[in-house]
Structure formats: C-alpha cells, structure tokens
Amino acid sequence: MHLIVKPPPFLAGSLRPPGDKSISHRAAIIGALAEGTTVIEGFLEGADCLSTLRCLKELGVDIEGPHEGRVVVRGKGMGSLQEPEAILDAGNSGTTMRLLLGVLAGQPFYSVITGDASLRRRPMGRVTRPLAAMGARIWGRQGGELAPLSIRGGNLQPLTYTMPVASAQVKSALLLAGLYAPGETVIIEPCRSRDHSERLLKAAGAAIKVEGLAVRIAGQTPLRPLNVSIPGDISAAAFFLVAGCIHPRATITLKNVNLNPTRTGILDILAAMGGQITVTPRGESGGEPAGDIQVTSSSLRGVEMGGELIPRLIDEIPVLAVAAALAAGETVIRDAAELRVKESDRITMVARELERMGASIQARPDGFLIRGVKGGRLQGTVVDSHGDHRLGMALAVAALVAEGPTVIKGAECMAISYPRFADDLARLGVEVRVEE
Ligand code: S3P
C-alpha cells in the first residue's frame with residue numbers, strides 16, 4: 001500500500017492520539033496474571049498490541065475486545081496459564097516477544113514463540129540470557145539470540161542483574177519473571193528507561209520498589225486486577241508535534257497525551273530546538289500523568305543530543321531527524337546505536353530515505369549528523385517505509401513541507417502503532433490518498 005501526501009497550505013485542529021502502546025501491552029499481560037477481571041479503556045488497537053492479546057488467548061486467557069478501545073481480561077492468577085497448542089506469533093512486536101518471554105520463563109510448560117522477518121532479526125539474547133540465569137531453559141537460533149525461540153520454564157530462582165543496555169523491554173521481562181521466583185529479584189539499569197511496568201505492577205499490588213536505578217520485586221505475591229484508562233501515546237503525538245513545528249502555518253492541539261517523565265524527552269528536545277510548545281497537565285490517567293499539548297509553527301535550530309536523554313525519546317528519533325533536517329544549523333545525535341536493532345536499522349534507513357528527499361543527513365555508528373536544509377524545503381519524491389511504522393510516519397511528516405507530493409511505499413505498516421494515522425493527517429487539513 002502506498003500513501004500519497006500533498007504538502008498542505010496549513011495544519012490546524014485538535015487530535016486525540018491513540019492509546020499508549022507500551023502501557024496497552026503491559027495492562028493486558030498483567031491483567032492476565034491477576035486474579036479477577038481487569039478492565040482497560042483506551043487500549044491501542046494497533047497490530048502490535050493485538051499480537052499480545054492473541055498470544056495471551058493462546059495461553060488460555062479469557063479476553064473480550066478490543067471494542068472501541070475497551071478490553072476486558074478475566075485473569076485467573078499467575079499459575080493459570082496453559083501450554084499453547086500452537087506456536088505463539090508476536091508479529092512485528094518486540095515488546096510482545098520480550099515481555100512474554102519473561103512470563104513464559106515462569107511457566108512449567110513448553111512453548112515456542114516467533115515473529116515476522118523483522119522481529120526474527122532482532123536481538124533476544126539480552127532477555128534469554130538473564131532468564132536462563134534464573135533457571136528457564138531456552139533454545140533458539142544462534143544460541144538463543146534469535147527467534148523462533150522455544151522455552152520450558154518453571155522453578156525460577158531470583159536474580160540480581162545489572163543490565164548492559166537501557167531497555168524497558170528487558171527490565172519488564174525480568175520483572176515479570178521475578179513474579180514467579182521466591183525471594184527478591186533486583187534489576188539495575190544503566191540509565192532510566194520507561195517505567196510503565198513498575199507503575200502497573202505496583203497498582204496490581206506487586207511487592208515492587210524503585211530505588212534509584214534499581215528495581216526490586218519480591219515474587220510469588222498474587223496480583224490484583226486493574227482498572228486502567230490508558231492515556232494517548234506521546235510517541236504517536238510526536239509526529240504531529242514535529243509537523244506543527246516545521247510547518248509555517250500550523251496550530252495543533254493533542255489531547256490527553258501521556259506525560260510520564262521517562263517518555264517526554266521529545267518535549268525537552270523540541271523546546272531546546274526552539275519549538276513553540278505548550279503543555280497543560282490534566283491530572284492522572286491510568287496511574288500516569290497526562291495532559292494536552294499545543295504546538296504552533298516554530299523556527300527550529302539544531303542541537304546536540306545523547307546520553308541519558310536517548311532512552312526518553314528513542315522511538316521519536318526518526319521524526320526528530322525530520323525536525324533536524326529543517327532546523328537552522330547542525331544537529332548531532334549520539335549514543336543511539338540501539339536504533340540499529342529496532343523494527344529496521346533506523347540509522348541506515350532514516351538517513352537513506354530522508355536523503356532521497358533532499359536532506360543532508362549522515363549516518364554514524366551511534367546516530368546522525370544532520371545539517372538543516374537551507375530555505376527549509378525538502379523535495380517530494382518516492383520513499384519507502386522498509387516495513388518500519390515509525391519511519392513511514394516520519395516520512396509522511398517530512399512530506400508536509402516538501403515541494404510537491406510524496407509517495408510513501410509500504411505504508412500499511414503504520415497500522416502497527418497508529419492505525420488511524422492517515423485519517424488524523426486528513427483531519428488537520430492534509431490531502432492524503434491511499435493506493436493499493
Ligand atoms: C518499549 C521499549 C523500547 C521502545 C519500544 C517499546 C517498551 O524498546 O523502543 O518501542 O514498550 O518497553 P527497548 O526496551 O528495547 O529499548
């Protein structure tokens with residue numbers, strides 16, 4: 001499927017971005033392990049979160065929905081999962097595979113999990129190694145590094161583990177496995193990654209404590225069901241935040257967006273670039289801070305970013321590269337080598353596709369060097385998402401300020417995290433067309 005985007009004369013309106021992807025996965029998984037009925041509102045109906053629901057159903061969990069963002073999970077407790085009859089399919093979703101590996105490590109049965117071609121290339125040793133240290137037996141290609149992975153869990157021992165990379169997926173997998181181990185499991189991060197698992201596990205009554213960069217969880221405590229209303233995904237809002245900044249006639253309001261500080265790096269960096277952004281906090285939603293964000297046309301300037309900020313905006317880097325390509329001066333992004341093992345090699349692919357549109361962008365081993373385009377215009381052309389949802393949507397944002405229309409090939413992948421992305425662009429006044 002191709003998406004054809006024409007640069008609009010203005011961008012105006014108000015949107016509610018879809019429910020947060022990370023929280024949707026976690027609410028469903030924790031609900032499945034709890035004793036009682038969990039009700040989730042605002043669940044993201046993107047393909048990734050549907051993969052999590054499908055796998056949980058294969059494990060015998062009774063799930064209703066999603067219907068208009070509502071999911072009902074009838075959990076029967078941590079020990080209630082059943083051996084799946086078929087191979088679990090995580091599709092394109094790294095979160096599904098890694099978090100479920102943590103759960104499967106605690107199960108006294110055999111299961112096999114795989115995913116699409118992109119997921120089968122992504123590193124899993126970072127999860128399988130510490131899970132094996134807890135006592136799970138895991139087999140996979142390249143010594144357990146690559147899916148398909150088969151796992152025989154049960155009889156886990158607690159673990160104290162210092163993670164070599166900041167990864168919320170690894171941390172969450174080990175916390176979920178820690179639920180099954182007698183005694184205390186301690187996970188130490190090199191720097192803070194998103195903490196949605198910690199918040200939801202706490203809400204479900206788990207014995208969990210955060211002390212600086214260490215998270216402690218005492219296992220074998222039953223979980224209570226959750227009642228969660230999931231706020232909008234700031235990683236989805238990010239496309240419109242950048243669109244509003246780079247377009248010369250834009251006023252966009254994004255409603256009910258998650259403002260968890262482990263996720264708001266995009267707001268900090270756009271502010272540092274000169275972005276005209278106003279945040280109005282509106283209390284809590286689902287144990288997470290949420291609020292409205294307004295963005296208007298801005299004159300951006302280049303910045304340097306790296307270090308502890310990177311995990312707080314890792315998924316927004318493709319669209320931040322678009323912002324940088326249209327900012328005055330140079331932008332340097334470093335310490336972001338993790339981008340090479342996302343849904344695509346995002347360093348290579350973002351540089352390749354934005355270069356096609358006339359951006360001056362150089363791929364580096366751990367990031368980019370980007371020189372803002374003089375005169376602030378890119379060139380509309382034919383580009384490719386390479387099956388990576390965030391790259392596809394970042395290219396659509398670039399298309400909003402390009403000369404002439406842009407054709408984005410492989411646009412169907414946008415449904416992985418944002419099924420209504422093209423509709424939301426149209427709501428702001430953009431002429432978008434889908435071609436099969
Ligand atoms: C996610 C964590 C991040 C992020 C991914 C979602 C999560 O990955 O890039 O899109 O839900 O935990 P890592 O944990 O591998 O850094």
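A polar contact is a pair of N or O atoms within 3.5 Å; within protein, one must be able to donate a hydrogen and the other to accept it, and residues adjacent in sequence count only if both atoms are side-chain atoms. Keep that in mind for the first stop.

This is a predicted model, where local features need pLDDT of at least 70, side-chain atom pairs count only at pLDDT 80 or more, and totals for chains, interfaces and linings use all residues. Residues are numbered from 1 along each chain as its sequence is written, and side-chain values use heavy atoms, with hydrogens and water left out.

**Stop 1: the ligand**

Now zoom in on oxygen atoms of the ligand. A polar side-chain atom of Arg26 lies 2.6 Å from one, a side-chain N or O atom of Lys342 is 2.7 Å from one, and a backbone N or O atom of Ala168 lies 2.9 Å from one. The protein covers 95% of the 380 Å² of accessible area that the ligand has on its own (Shrake-Rupley method, 1.4 Å probe).

Helices here are DSSP runs (H or I, at least four residues), strands are runs of E of at least two, and both are numbered from the N terminus.

**Stop 2: Gly94**

Select Gly94, in helix H3 (residues 94–104). Is Gly94 buried or exposed? Gly94 is buried, with a relative accessible area of 4%; buried means under 20%, exposed over 50%, and partly exposed in between (1.4 Å probe, protein chains only). Leaving aside neighbours within four places in sequence, Gly94 is in contact with Leu119, Arg122 and Gln169, contact meaning heavy atoms within 4.5 Å.

The UniProt annotation "binding site", from an unreviewed entry, covers Gly94 along with Lys21, Arg122, Gln169, Arg346 and Arg390. UniProt positions are given in the numbering used here, feature names are shortened, and annotations may be inferred rather than shown by experiment.

**Stop 3: Arg346**

Move on to Arg346 in helix H11 (residues 346–356). Arg346 is buried, at a relative accessible area of 1%. Show the side chain of Glu343 too: the side chain of Arg346 makes a polar contact with it at 3.0 Å. Beyond four places in sequence, contacts of Arg346 include Asp315, Phe368 and Arg390.
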